[in-house]
Amino acid sequence: MAAFASSDPAQCIIKSATPLLTRSYQSTLSQNEATKFDFIRLSGDGEHNTDITVESDRMAGRSCSYWYNQSLNKAKQVIRSQSLVVSTHSTIESDLHTSQVKCSNVEIMMTMIKGTAGTGILSLPFAFKNSGLWVGLVLFLSISTVTIHCMHVVHKCTGLLEKRSRVMVQSYPDTIEQCFQYGPLRLQRFAPFMRMFVNGLILVIQCGFCSIYIVWVAVNIKRVIDQFWTLSPNVRVYEAVIFVHHNVLPYVMVKSIKSIAMFSAFANIIYLVGLVIIYQYMLQGLPDSRTRPAWNSWATLPMFFGTAIFSFENMCLIVPLRHKIKQQDDFGGWTGVLNLAMVITMAVYTGMGFYGYLKFGDNVATTITLNLPQDEWLYLSLNLMFATAVFLTVGVQFYVPVNIIWPAVDRKLSETTSLFRKCAQYITRASLLAVILLVAVVVPHLDLLMSFVGSFCGSFLTIILPALLEFITLYEERGLTAIIAAKDTFILAIGIIGFITGSYTSLKDIVNTF
């Protein structure tokens, strides 16, 4: 169904895009009642079997019948007149084209791999240093396996919740909210809070990604300049002067994700070439594995956990991609697209961590690019290549927190002029970037930032919430067995222990650096 907002906020029109739903429905509600809703979806034959779904900021994902219970008399009037209300916003994004454009299995697999790939893989050798060579191998494979299992949990529970609510779930926060909203009666009142909580975690982790990327680019650019200028300034100078005033600030002011996407595609090519170059150097002249300790210490193990979670986190992609694939049955399962994409990613990441630490030992840097020979142009240029790729990714990562913050600000400014709102949006973006830069300048340490972001936010998004999601969803479905309950409790324990120890250790080390 295509939705269109009219110029009159109280007279919004929707029209069906299918031959069976050709009738136009016009709102007979007052403007105050109309502003309660943001989106409406129809399905059925347009006559007697019409399924109605309404979404709003306060009632996201609830069926229209739920609202009818709140105002039965007006609902009867609306039903009799076959009138429905859509968005009263000045613009509305159509759900028709985005839902009907499907992707092939290969496209979904590549999207998942690209969504996971980031600077985290280049810091895995340093993470293995914190755990030890063989302990790191076992733990990383275990954490990756648990993470992939949690992805399957989110996929499965999203399908169950959609059947229960008869509403298509669009995002990870929607899934968690639906879980509580249609869960046990005692938990239903927490549904709005859980949605805000998950959005808050996504906001923090995405801003953390941006801070880490700024530090990463600054460190690698400084490494190149240090080869030619012995009086090269501090890394904080590079962060503040070069990347904000000359590059990052104009770049993040781009508001269209389509305009940013072409930069991201170019960055993916650079990223792939860079990984091939690193692997071919790393695998040459490897020492005996007995020269590296199999185990480090309990004190540094939480740092390993945080970095591992940070590098493998892409849970927010699962719900949108499961709706994009042509054959949804191909997404999950033992031989599905999800397993194929994540097993490939796990193999590449495990190899980077294991062989990177085996190659450089205790001399391994926080990012392996700093261990490459600096007297050869191929490897020196690799620093610039990765710095360019990471810099071009900042805009994509920055798009997410802006998309969370700006709609809330925009609603507060609905009565102002378009020029004022446009200026307010630029100010909002610049202010958010200032906070991100402040974090990067205050803590210019890649290992500490990665470990904290991974432990604090990644533990919840990747491990704790999926286990909680399955427990509540299957409990309400009467499908919670003793084995599943024990498994979810075990996963919850891993996530909570990792969250507490990883966050505490990284915060303590951050404080000790000052």
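This dialogue explains how several features of a predicted model are read.

Biologist: Which conventions apply to this predicted model?

Modeller: The model is predicted, so local features need pLDDT of at least 70 and side-chain atom pairs count only at pLDDT 80 or more, while totals for chains, interfaces and linings use all residues. Residues are numbered from 1 along each chain as its sequence is written, and side-chain values use heavy atoms, with hydrogens and water left out.

Biologist: How many helices and strands does the protein have?

Modeller: Helices (H or I, at least four residues) and strands (E, at least two) are DSSP runs, numbered from the N terminus. The protein has 18 helices and five strands.

Biologist: What share of the residues is buried?

Modeller: Buried means under 20% relative accessible area, exposed means over 50%, and partly exposed lies in between (1.4 Å probe, protein chains only). Of the 514 residues in the protein, 51% are buried. Accessible areas come from the Shrake-Rupley method with a 1.4 Å probe, and for residues only the protein chains shown count as cover. The accessible surface of the protein is about 23,900 Å², with 64% belonging to carbon and sulfur atoms.

Biologist: Where does helix H17 bend?

Modeller: The bend at a residue is the angle between axes fitted to the seven residues ending there and the seven starting there. H17 bends by about 55 degrees at Gly458. The expected span of a helix is 1.5 Å times one less than its number of residues. H17, with 31 residues, reaches 43 Å from its first C-alpha to its last, close to the expected 45 Å. This helix is mostly covered, as 25 of its 31 residues are buried. Arg478, which follows H17, has a positive phi near 60 degrees.

Biologist: Which residues does Thr462 touch?

Modeller: A contact means heavy atoms within 4.5 Å. Not counting residues up to four places away in sequence, Thr462 touches Thr147, Cys150, Ile309, Glu313 and Met315. Thr462 is found in H17, residues 446-476, and counts as buried because its relative accessibility is 2%. Across the protein, 77% of the contacts between residues at least 6 apart in sequence join residues at least 24 apart.

Biologist: How many salt bridges does the structure hold?

Modeller: A salt bridge is a side-chain nitrogen of Lys or Arg within 4 Å of a carboxyl oxygen of Asp or Glu. The structure holds 10 salt bridges. In one of them, Lys156 and Glu470 meet at 2.8 Å, N to O. This pair links distant parts of the chain, with Lys156 in helix H7 (residues 133-165) and Glu470 in helix H17, 314 residues apart. Lys156 is partly exposed at 37% relative accessibility, whereas Glu470 is buried at 2%.

Biologist: Why are Lys222 and Asp226 separated by about one helical turn?

Modeller: An α-helix has 3.6 residues a turn, so residues three or four places apart point the same way. Lys222 and Asp226 are separated by about one helical turn because they are four residues apart in helix H9. The closest N and O atoms of their salt bridge are 3.6 Å apart.

Biologist: Which residues form a nonpolar patch on the surface?

Modeller: Patches are made of residues with over 30% relative accessible area and no salt bridge, joining like charges within 9 Å and nonpolar side chains (Val, Leu, Ile, Met, Phe, Trp, Tyr) within 5 Å. Here Phe228, Trp229, Leu231 and Trp377 form a nonpolar patch with about 580 Å² of accessible area together. Phe228 lies in the loop between helix H9 (191-226) and helix H10 (235-252), and is exposed with a relative accessible area of 57%.
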